[in-house]
Amino acid sequence: MGPVLAGVLQLLALMGALALAYIPLGTYMAKVYSTDKHWRVEKWIYKGIGANPDTEMRWTAYLRGVLAFSAVGVLFLYLLQRLQGVLPGSLGFQAIDPDQAFNTAVSFVTNTNWQSYYGEQAMGHVVQTAGLAVQNFVSAAVGIAVAVALVRGFARSRTGELGNFWSDMVRGVTRILLPGAFIAAIVLVACGAIQNFSGIHEVGQFMGGSQQWNGGAVASQEAIKEFGTNGGGYFNANSAHPFENPTPFTNLFEIFLLLVIPFSLTRTFGVMVGSVKQGYAILATMATIWVGFVALMMWTEFAHHGPALQIAGGAMEGKEVRFGVGSSSIFAVSTTLTSTGAVDSFHSSFTGLGGGITMLGMMLGEIAPGGTGSGLYGMLIMAIIAVFIAGLMVGRTPEYLGKKIGTREIKLAACYILVTPALVLVFAGVAMALPTPVHSMTNSGAHGFSEILYAYTSAANNNGSAFAGLNADTQWFNTTLGLAMALGRFLPMVFVLALAGSLAEQRPVPETAGTLRTNKPLFVGLLVGAILIITGLTYFPALALGPLAEGLAS
Amino acid sequence: MNNSVSNTGRLLWAGLRALLVLTLVTGVIYPLAVTGVAQALFHDKANGSEVKADGKVVGSSLIGQQDYGLAYFQPRPAKGLGENSVNTQYKLILSGATNRSADNPELVTWVKAARAKVVKDNSTADYKVEPSQVPADAVTSSGSGLDPDISPAYAELQVHRVAERNGLSVAQVEKLVEEHTDGRTLGFIGEPRVNVLELNIALKALAAKS
């Protein structure tokens with residue numbers, strides 16, 4: 001069997017596994033967010049929080065909960081890093097510098113997991129497990145909670161109530177993320193991922209002498225890092241490190257983990273709005289883009305254009321032998337079309353066009369299938385835009401799921417889709433215009449520009465992967481990327497929750513012969529087209545200067 | 001005004017309590033529970049899959065090593081591997097890739113040099129390696145810099161040199177490589193590979209016997 005066929009079979013196996021999980025997980029998640037029964041452990045947690053989980057919240061109260069919880073999260077994680085030098089279990093690592101601690105705190109709270117530090121030489125046990133890994137859970141749970149609030153906005157009518165933030169967030173952790181991550185962590189350990197608290201210790205070598213390892217709670221963090229589409233590696237090499245991702249099977253398993261919640265949430269959406277077919281239409285849109293991107297990536301990576309790769313005879317720079325080109329291509333596309341940003345191979349050394357595909361995946365807004373929760377709400381915003389475009393064509397007031405898309409709704413959706421492009425293009429433009437940021441580049445020419453464009457794209461879209469040649473541990477990058485991550489996470493959430501509130505207040509419009517059928521293939525085609533055209537028009541000039549210039553030159 | 005300040009204060013207080021409770025659940029109980037199960041059921045793997053030879057630990061089957069002499073099988077280049085610069089009290093391995101782009105002149109130079117070295121090192125008196133035989137993994141650095149594996153093609157290329165230097169027959173070494181080649185998992189997952197450390201341990205044992 002050739003590597004291309006093996007790559008295609010791995011893609012098919014992955015699709016099969018995701019399809020098997022789709023209905024059970026999606027339906028289960030709908031139940032999690034619909035039932036009014038609380039688990040006993042959840043009641044203890046609510047008592048600890050001091051919140052009544054049964055109080056219904058309007059969108060403003062829901063948003064205040066999101067913002068307060070996240071603000072406290074940033075502050076706590078910042079302090080934990082600043083105090084690392086005096087904390088026990090820190091392996092002798094010192095306090096993280098203020099700018100880097102700010103960047104890292106924002107990064108993990110926003111589900112981005114951009115890392116300007118080297119995991120194995122900066123973070124001790126306490127910061128990794130009680131700081132970073134905790135945010136891996138709760139930032140994912142916050143994302144799902146906001147998505148569920150939007151779905152309730154569609155499902156409910158003549159009320160301003162969107163559910164209870166504390167209850168949604170806690171249930172996401174206790175009923176979805178924690179059980180899933182626990183099982184996944186055990187599977188990873190069974191395949192060779194490490195899980196210990198041995199810290200830094202000497203291990204003998206074959207030719208004599210010894211090497212120093214940094215052991216830690218890797219598998220438990222790796223599991224939630226993928227399952228919650230976070231992506232921050234325990235080690236600098238992220239999921240390319242054999243202790244995080246030891247075998248070809250764990251590689252495929254990790255790709256499965258990072259895709260399964262975002263894809264299955266479309267089922268949750270379908271069940272909650274009372275039409276699973278609407279969920280299938282959204283799923284079909286996501287899957288079309290994802291499969292298309294994987295196919296393009298495999299094509300360009302197997303063709304291995306680019307001088308160094310041509311001489312080498314294959315695109316193996318930055319890739320591991322056990323994964324090879326096929327599996328690495330699937331990982332790279334999946335991690336950038338979700339908000340994960342974990343890497344099993346290094347995107348900077350991909351072909352010029354391959355690097356461009358990873359960037360374009362993030363620029364779509366990470367909606368195919370996107371991050372946990374953020375993928376679904378991002379895609380529903382695009383569905384509203386698509387319905388609006390269709391409405392303009394036939395001169396009807398657009399409707400989606402029985403709700404009128406009026407001036408207020410379309411304004412909020414438009415604001416949503418303007419946030420990240422504005423952050424990416426303005427910050428990247430300013431960085432290029434200033435004299436010092438360009439000193440951080442490892443590569444020159446078009447690829448050097450791509451390093452900076454990639455960094456802001458990754459930060460504003462809360463992805464976290466990098467063209468890692470860029471030395472991002474400077475005050476400029478720590479600060480501006482931190483701001484891009486925070487604004488790119490919370491401004492869109494403001495618009496989503498405002499939209500949810502406005503939809504929930506409407507009375508449903510009865511479906512007529514003239515209503516656009518949003519559960520049909522025609523709508524899927526329209527939605528895919530709208531996504532590609534809007535993103536293309538926004539980013540084409542920037543892409544032409546970076547990855548397209550590099551890809552076409554080789 | 002007073003009212004909204006106290007409301008915000010109450011909300012932040014609830015947020016802090018929520019964070020602390022969830023830190024206890026996901027940041028303390030969860031990792032400890034996973035560690036407990038992992039150490040009980042998969043003790044060796046949870047501690048890094050250490051490999052022993054002659055009763056001594058000689059590394060991990062998952063972590064690649066550099067500096068095998070020419071009598072042994074060579075691993076992939078590891079130009080991205082670094083040493084710690086931030087915390088200098090230990091000499092930690094810092095994993096990582098080169099991050100050089102496909103059109104980076106430095107990478108072109110490295111690949112060319114690595115190819116020339118592979119050809120030179122592995123050509124013996126009666127076996128000439130052609131540059132076109134050298135597989136991609138032999139001249140490129142991996143993502144982690146710690147790749148424990150090489151492709152079967154790269155292992156095959158080294159057989160004549162290794163056989164000559166150890167006083168073994170080519171057939172003996174070829175058989176050894178074959179025994180240490182892992183195919184794709186279930187026939188289609190990942191790529192075929194040879195674990196360099198395990199192969200070299202077996203080679204050392206074989207050379208000592210004959």
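Predicted model: local features only at pLDDT ≥ 70, side-chain atom pairs only at ≥ 80, totals over all residues.
1. Next, have a look at how the two chains meet. Chain A contributes 104 residues to the contact and chain B contributes 87 residues. On the side of chain B that touches chain A, the elements that each supply at least two residues are helices H1 (2-41), H2 (43-46), H3 (105-122) and H6 (196-209), together with strands S2 (56-60), S4 (93-94) and S5 (149-150). H1(B) gives the most to this side, with 21 residues. By class, the residues of chain B that touch chain A divide into 40 nonpolar, 32 polar and 15 charged.

2. Moving to chain A, helix H2 (residues 40-49) has two faces to compare. Its buried residues are A:Ile45, A:Tyr46 and A:Ile49. These cover an arc of only 100° around the axis, so they sit on the same side of H2(A). After H2(A) comes A:Gly50, with a positive phi near 80°.

3. Now for the helix packing in chain A. Two packed helices are described by the angle between their axes and the distance between the axes. For helix H15 (residues 407-433) and helix H18 (residues 521-553) of chain A, the axes come within 11 Å and cross at roughly 0°. H15(A) and H18(A) are therefore roughly parallel to each other. On the H15(A) side, A:Ile417, A:Pro421, A:Leu425 and A:Ala428 meet A:Ile534, A:Thr538, A:Tyr539 and A:Ala542 of H18(A). This contact of H15(A) with H18(A) has seven nonpolar residues, one polar and no charged.

4. H18(A) also packs against H14(A), with the axes 9 Å apart and an angle of about 105°. That angle makes H14(A) and H18(A) roughly perpendicular to each other. From H14(A), the contact uses A:Met382, A:Ala383, A:Ile385, A:Ala386, A:Ile389 and A:Ala390, and from H18(A) it uses A:Leu526, A:Leu527, A:Ala530 and A:Ile531. The class count for H14(A) with H18(A) is ten nonpolar, no polar and no charged residues.

5. The phi of A:Glu366 is near 55°, a positive value in a residue other than glycine. A:Glu366 counts as buried because it has 26 C-beta neighbours inside 10 Å, where 20 or more are needed.

6. A:Met286 lies in helix H10 (residues 276-303) of chain A. Beyond its neighbours within four places in sequence, A:Met286 is in contact with A:Phe263, A:Thr266, A:Ala368, A:Pro369 and A:Met379. With 27 C-beta neighbours inside 10 Å, A:Met286 counts as buried. The C-alpha atoms of A:Met286 and A:Ser339 are separated by 14 Å, and the two residues are 53 residues apart along the chain.

7. A:Leu91 is not a glycine, yet its phi is positive, about 60°. A:Leu91 is buried, with 23 other C-beta atoms within 10 Å.

8. Last, take A:Asp99, which lies in helix H4 of chain A. A:Asp99 and A:Trp476 are 377 residues apart in sequence, while their C-alpha atoms are 8.9 Å apart in space. Leaving aside neighbours within four places in sequence, A:Asp99 is in contact with A:Gln475, A:Asn478 and A:Thr479. A:Asp99 has 17 C-beta neighbours inside 10 Å and so counts as partly exposed.

Note on methods. Residues numbered from 1 in each chain as written. Chains lettered and ligands numbered in written order. Contact = placed C-beta atoms within 7 Å. Helix = DSSP H or I, 4+ residues; strand = E, 2+ residues; numbered from the N terminus. Nonpolar A, V, L, I, M, F, W, Y, C, P; charged D, E, K, R; others polar. Buried ≥ 20, exposed ≤ 12 C-beta atoms within 10 Å, placed from the backbone. Arc of directions from axis to C-beta. Axes fitted to C-alpha atoms, helices over the stretch in contact; angles between N-to-C directions. Parallel < 35°, antiparallel > 145°, perpendicular 65-115°, else oblique.
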